[in-house]
Amino acid sequence: MPFERTEAALDVAGVGHSFGPRRALDDCSFVVPAGAVTALVGRNGAGKSTLLRAAAGLLRPDRGRVRVFGEVAGDASLPAIGYVGQHAPLYPMLTVAQTLALGGRLNPRWDAAYARRLADDAALPSGARVGTLAPGRRARLALVMALAKRPGLLLLDEPLAPLDPVARTEVTGALMAEVAGRGTTVVLSSHVVADIDGVCDRVVVLADGRVRLAADVDQALATHLVAVGAGSEVGALDGTAIVEARAVGRDATALVRSAEPVGSLAWHRPTLEELLLGYLRAPGPEPERKVTLA
Amino acid sequence: MIFRIDRRTGTAVYVQLVQQVRQAIRMGRLTPGDQLPTAREVSEDAGINPNTVLKAYRELEVAGLVEARQGSGTFVREHLAPLPDNLGRLRRELAAWAARARAAGLDVTDMQALVAEVAAGTVPGAGEARRAV
C-alpha cells in the first residue's frame with residue numbers, strides 16, 4: 001500500500017508562542033508528509049501539547065504559521081482534524097451511545113457505522129455513563145470520537161499514557177489499522193520510546209520549545225552513530241557533529257551526526273532509544289558546539 | 001503466523017519481524033507457498049506501522065526467503081534450501097548441551113552469547129558493530 005507522500009499534511013513554519021513571560025515554543029519548523037506517522041517527543045513541559053493545540057487550530061501562536069493540508073490552521077481546517085487532548089473533553093453524564101450520537105450531530109463528516117464498529121471493538125458498553133468508565137476505556141472512547149470524524153490528520157496528545165499494557169496494544173492496533181486502511185496522517189506525542197519504535201515513520205524531538213530533530217526514523221538512525229572510547233579521543237572529535245557527549249570516569253561516549261565511522265573510535269549504530277535520549281539530553285539551544293571532556 | 005513483539009528488548013521492531021519469519025521458516029512452521037499475513041493484518045494485530053511490516057517483508061524478499069506476488073500478497077518462496085534431515089538430532093544434541101551448560105551455572109543469556117560467539121567463529125564484521133581501522 002504505497003502512500004502518497006508528496007503533500008504536506010502539516011506544515012509548521014517559524015512558530016513561536018509565549019504564556020506570559022514563559023516561552024513555550026521558539027521558532028519551530030517542520031513538515032509532516034501526508035500518510036506518515038510522526039512521534040512528537042519531548043520531556044514534560046517541552047511544548048508538545050502547545051504545539052499540538054496550535055496544529056489543531058485551538059491556539060493561535062504569537063509568531064509563525066501552521067498549515068493543515070494547505071489551509072491555515074483554524075476553523076477551516078477543523079473538519080480535517082481529529083484531535084485528542086490529554087484531558088479528553090467527554091461529558092461524564094452522557095452514556096457511550098449518547099456521546100456517539102452527539103458526535104454525529106456536531107461533525108458533518110461523521111461516520112456512524114464506523115463509530116459503532118470501533119466502539120464495539122473497544123468493548124465500550126453503549127449504556128454505560130462516560131463518568132463510570134475506567135481511564136483506559138475513556139481514552140478509547142475519545143479515540144473513537146476522533147476517528148469517526150474520518151479525519152485526514154489525527155493529532156493525539158499522549159494517547160497511550162493512561163492505558164494499561166493490554167489497552168496499549170489494542171489502541172496502537174486500532175490506530176495502525178486506520179493508517180494501513182486509510183492512509184491517515186498521525187502525529188502523536190509521547191515520552192515512552194517503546195511506544196514509538198515500529199509505530200512511527202518520523203520523529204520530531206522538542207526540547208525547551210525548540211525543534212532539535214525532525215527526521216525520518218530510518219534515515220536518522222543510519223546517519224548517526226554512537227562512538228565509544230577514551231575521553232581524550234571523544235573530546236578530539238569534530239564538535240559540530242556531536243549531538244551529545246558524556247564522560248564516565250576516563251571513558252566517554254558520544255552521539256555523533258555521521259554516516260561514516262569517526263576517527264579510530266569503536267562505534268555502533270544507535271538504537272532509537274539512544275538516538276532520542278541523545279537529542280533530549282543535548283544541551284541547548286544549539287547542539288552544535290565544541291565539547292570539552294576530561 | 002502470529003508475530004510477538006517485545007518492546008523492551010531494544011531490538012528494532014522490524015528486525016524482530018524478520019527474525020520471527022526466518023525462525024518460522026527454519027523450524028518448518030512456515031513452508032514454501034505459505035502466505036504471510038498482510039501488512040494490514042499485522043498492523044492491527046500487533047500495533048505496528050504498516051510501513052514497518054513492509055520494510056521487514058522487503059528485507060526477507062531481498063534475502064530470497066519470500067516473494068511478493070502482485071495483488072495477492074507475500075509468500076514463502078518455493079525451492080528454499082531444504083532443512084537438513086538430521087535437524088532433529090542436532091536439536092537433541094543441543095538440548096543435551098544446554099542441560100550441561102545449565103548444570104555448569106550458565107543462564108540462557110550466557111548460552112546465547114557462547115553459541116553466537118562459537119557460530120560466528122573468527123569472522124570479522126559480523127553485525128554492524130566493530131572497531132574501525
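Two residues count as being in contact when their heavy atoms come within 4.5 Å. Keep that in mind for the views below, all taken from a predicted model.

**View 1. Chain A comes in two parts.** Domain 1 runs over residues 8-218 and domain 2 over residues 223-281.

**View 2. Where domain 1 of chain A meets domain 2 of chain A.** Zoom in on the place where the two domains touch. On the domain 1 side, 12 residues are in contact, and they meet six residues of domain 2. Together the two domains of chain A bury about 870 Å², with 86% of that area on carbon and sulfur atoms. How many salt bridges are there between domain 1 and domain 2 of chain A? The count is zero.

View 3. S9(A) gives the most, with three residues. Sort the residues of this face by type and you get eight nonpolar, one polar and three charged.

**View 4. Chain B against chain A.** Here we move on to the contact between the chains. Chain B brings 24 residues to it and chain A brings 28. About 2000 Å² is buried between chain B and chain A, and carbon and sulfur atoms give 51% of this area.

**View 5. A salt bridge between the chains.** Which residues pair up in a salt bridge here? They are B:Lys55 and A:Asp218, whose closest N and O atoms sit 2.7 Å apart. The total between chain B and chain A is one salt bridge. There are also seven residue pairs in polar contact between the chains, counting pairs with both residues at pLDDT 80 or more.

**View 6. The side of chain B that touches chain A.** Three elements of chain B give two or more residues to this side: helix H2 (39-46), helix H3 (50-62) and strand S3 (129-131). H2(B) supplies the largest share, six residues. By type, the residues on this side of chain B are nine nonpolar, seven polar and eight charged.

How values were computed
Residues are numbered from 1 along each chain as its sequence is written. Chains are lettered from A and ligands numbered from 1 in the order in which they are written. This is a predicted model: local features need pLDDT of at least 70, side-chain atom pairs count only at pLDDT 80 or more; totals for chains, interfaces and linings use all residues. Side-chain values use heavy atoms; hydrogens and water are left out. Domain bounds come from an automatic or database domain assignment. Buried area is the accessible area (1.4 Å probe) that two parts lose on being put together, summed over both. A salt bridge is a side-chain nitrogen of Lys or Arg within 4 Å of a carboxyl oxygen of Asp or Glu. Helices (H or I, at least four residues) and strands (E, at least two) are DSSP runs, numbered from the N terminus. Ala, Val, Leu, Ile, Met, Phe, Trp, Tyr, Cys and Pro count as nonpolar, Asp, Glu, Lys and Arg as charged, and the others, Gly among them, as polar. A polar contact is a pair of N or O atoms within 3.5 Å; within protein, one must be able to donate a hydrogen and the other to accept it, and residues adjacent in sequence count only if both atoms are side-chain atoms.
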